[in-house]
Amino acid sequence: MAEENQAAGADEKQAPNAQFQVQRIYVKDISFESPNPVAMFNKEWKPEIKLDIDTKTDKVNDTLFEVVLSVTVTATIGEETAFLCEVQQAGLFTIIDMPDQNKAHTLGSFCPNLLFPYAREAVSNMVNRGTFPPLNLAPVNFDAIFAAYMQKRAQQAQGEQPAQKLDA
């Protein structure tokens, strides 16, 4: 009986009662620039679209985290910029009793997945208000981006470990 209680206690330590809550989702910064719209409106609309995405996490306190998803879209025709649209979509998230590995995945992948539709809508709205043709950003696989980031960190950590001497 005592062994069963010890085993149950070990399971509770391995699988705590993790909690996740969305406290607030908001726009932190937003910008739209069209340096020369008149010239752009008179050209054939076949732009090159460049998309840059970045995330940043700040720990507000022991259980509250701010995640900021930055989305920058640049549309160019030839050497000229048609428009530049930047959105910093943010959220406040409460995370309680979550193992560090799960917390890292939640903050690095799950939260940006929650924020992206809001950023996507803001970009679409600003491009529309600039009277450019509609721009709908394709979905982003934040799980793959996070996995690549973690793999890169692991490789860097291996490269920083001192070489071990082999005794012959």
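Guide: Read along the sequence, this chain runs α-β-α-β-β-β-α-α, which comes to 4 helices and 4 strands. The model is predicted, so local features need pLDDT of at least 70 and side-chain atom pairs count only at pLDDT 80 or more, while totals for chains, interfaces and linings use all residues. Residues are numbered from 1 along each chain as its sequence is written, and side-chain values use heavy atoms, with hydrogens and water left out.

Visitor: What makes a stretch a helix or a strand?

Guide: Both are DSSP runs numbered from the N terminus: a helix is H or I over at least four residues, a strand is E over at least two. Residues 100–129 form helix α3, and Thr106 lies in this helix.

Visitor: Why is Thr106 called buried?

Guide: Buried means under 20% relative accessible area, exposed means over 50%, and partly exposed is in between (1.4 Å probe, protein chains only). Thr106 has 10% relative accessibility, so Thr106 counts as buried. Of the 168 residues in the chain, 28% are buried.

Visitor: Which residues is Thr106 in contact with, leaving aside its neighbours within four places in sequence?

Guide: They are Phe20, Ile95, Met98, Cys111 and Pro112. Contact means heavy atoms within 4.5 Å. Among contacts in the chain with a separation of 6 or more, 71% join residues 24 or more positions apart.

Visitor: Why do Glu66 and Lys28 count as a salt bridge?

Guide: A salt bridge needs a side-chain nitrogen of Lys or Arg within 4 Å of a carboxyl oxygen of Asp or Glu. The N to O distance between Lys28 and Glu66 is 3.0 Å, so the pair meets the definition. This pair links distant parts of the chain, with Glu66 in strand β3 (residues 64–77) and Lys28 in strand β1 (residues 19–33), 38 residues apart. Side chains of opposite charge can pair when their charged atoms come close.

Visitor: Are the two partners buried or partly exposed?

Guide: Glu66 is buried, because its relative accessible area is 10%. Lys28 is at 43%, and therefore counts as partly exposed.

Visitor: How do you know that Lys50 and Asp52 form a salt bridge?

Guide: Their closest N and O atoms are 3.7 Å apart, so the pair falls within the 4 Å limit. Lys50 is partly exposed because its relative accessible area is 49%, and Asp52 is partly exposed at 35%.

Visitor: How many salt bridges are found in the whole structure?

Guide: The search finds 6. One of the salt bridges joins Asp58 and Lys56, at 3.8 Å from N to O.
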